Amino acid sequence: MASAASEMEGEGAGAGTGTGEGAPIAPRRPALPLKVRFQLMCLDVVGGLSMRRDGTINRSLFSLFDRRARASARPDGLGVRSADVHVDASRGLWARVFSPSEAAGSPLPVVVYFHGGAFALLSAASVPYDAMCRRFCRELGAVVVSVDYRLAPEHRCPAAYDDGVDVLRHLASTGLPDGVAVPVDLSRCFLAGDSAGANIAHHVAQRWTTAGVASSSSSPPRSCPVRLAGVVLVQPYLGGEERTDAEVMLDGKVPVVTVRGSDWMWRAFLPEGADRNHPAAHVTDENADLADGFPPAMVVIGGLDPLQDWQRRYADVLRRKGKAVRVVEFQEAIHTFFFFPELPDCARLVEAMKAFIDDSNASSVSAA
């Protein structure tokens with residue numbers, strides 16, 4: 001099957017297939033349905049026009065493309081209802097909670113999701129993310145908490161990481177809203193995200209599991225009910241000053257990610273004066289700081305994603321540092337393939353996520 005997913009699992013250092021960056025990349029153009037090509041073209045055009053040369057965002061222009069969905073207590077066709085929760089009104093931090101309308105036989109895991117968008121665009125209310133989180137809720141058998149974190153360049157690193165940690169602290173202290181009619185198990189909490197959101201998920205997991213930190217805003221409260229059972233990183237946005245083979249060979253030949261666009265994104269997100277070797281971006285070397293309690297990870301890689309070399313390096317660093325990691329590759333997948341239900345890999349992604357969550361849950365039960 002040309003687009004089948006290949007999986008590698010590692011439990012500890014030395015697992016996997018070494019430190020290479022995969023097979024040589026053929027600079028080919030993806031075979032995509034006409035509808036998907038049109039949508040990607042619109043995204044490229046509007047996104048490009050919205051990202052100004054001075055490093056700011058034309059949010060009025062982008063809002064013309066970024067349609068928003070409202071939360072609704074009324075179950076949709078999938079039997080999923082949603083509600084918005086305000087975590088900190090003073091900084092506009094909120095989350096959208098998706099839950100099944102029917103009670104489950106046993107407590108459900110919780111997936112805390114961070115949307116992508118170059119750290120600077122989109123929202124938990126954006127139609128593609130609202131629809132995707134509804135699918136995750138139904139098909140993963142989980143309550144999904146989609147975080148609307150602050151965006152760059154108005155709020156640079158580490159604002160998004162701070163917001164993610166504070167949402168977890170809110171869950172630990174307040175729990176889920178009353179409208180969630182199903183039992184949940186916060187000791188089976190998974191962080192997940194795509195692209196920039198996957199980068200955020202990694203850093204939030206690192207902060208949450210770091211022991212003995214001085215800042216109370218970075219560490220979980222005592223007797224915390226929230227336990228991270230795993231992280232799902234879908235095409236994480238990682239980088240460095242180096243240009244990898246994939247970035248060079250695929251630049252301009254595949255949609256969404258370009259070298260020029262990535263450079264703009266990192267300049268807008270990273271602290272003033274930082275280069276792409278800043279720890280927020282460059283989590284792909286031996287200097288990567290990983291907490292002892294960093295949870296098992298699933299890393300999703302697309303064969304037509306210019307960022308794939310960074311993602312493979314990241315997975316390899318996790319292995320070498322003794323962390324459990326599962327790599328899932330879709331050879332024909334472009335960056336953001338998961339936006340498009342028409343693409344077969346979109347359904348395969350959900351299947352792989354469910355298998356990872358189910359396996360992590362089974363491991364937790366066995367350990368108990």
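1. In this predicted model, Phe356 has a relative accessibility of 4% and therefore counts as buried, the limit for that class being under 20%. Phe190 is likewise classed as buried, with a relative accessible area of 1%.

2. The search of the whole structure returns 13 aromatic pairs. In one of them, the rings of Phe119 and Trp266 have centres 5.7 Å apart and planes at 45°, so this pair is tilted. Phe119 belongs to the loop between β4 (108–114) and α3 (127–140), whereas Trp266 belongs to helix α7 (residues 259–269); the pair therefore ties together parts 147 residues apart in sequence. Both Phe119 and Trp266 are buried.

3. Phe190 and Phe356 also form an aromatic pair, with 6.3 Å centre to centre and 70° between the planes, an edge-to-face arrangement. Because Phe190 lies in strand β6 (residues 184–194) and Phe356 in helix α9 (residues 344–367), this contact ties together parts that are 166 residues apart in sequence.

4. Which residues make up the aromatic cluster? Tyr113, Tyr129, Phe136, Phe330, Phe337, Phe338, Phe339 and Phe340 form one such cluster.

5. A charge also sits over a ring: the charged end of Arg313 is placed over the ring of Trp310, at 4.8 Å from its centre.

6. On the surface, a nonpolar patch is formed by Phe38, Met41, Val45 and Leu49, whose accessible area together is about 420 Å². Met41 is located in helix α1 (residues 34–50). With 46% relative accessibility, Met41 counts as partly exposed.

Methods: Residues are numbered from 1 along each chain as its sequence is written. This is a predicted model: local features need pLDDT of at least 70, side-chain atom pairs count only at pLDDT 80 or more; totals for chains, interfaces and linings use all residues. Side-chain values use heavy atoms; hydrogens and water are left out. Patches are made of residues with over 30% relative accessible area and no salt bridge: like charges are joined within 9 Å, nonpolar side chains (Val, Leu, Ile, Met, Phe, Trp, Tyr) within 5 Å. Accessible areas come from the Shrake-Rupley method with a 1.4 Å probe; for residues, only the protein chains shown count as cover. A salt bridge is a side-chain nitrogen of Lys or Arg within 4 Å of a carboxyl oxygen of Asp or Glu. Helices (H or I, at least four residues) and strands (E, at least two) are DSSP runs, numbered from the N terminus. Buried means under 20% relative accessible area, exposed over 50%, partly exposed in between (1.4 Å probe, protein chains only). Rings of Phe, Tyr and Trp (its six-membered ring) pair if their centres lie within 6.5 Å; planes under 30 degrees apart count as stacked, over 60 as edge-to-face and the rest as tilted. A charge sits over a ring if NZ of Lys or CZ of Arg is within 6 Å of the ring centre and within 35 degrees of the ring normal.
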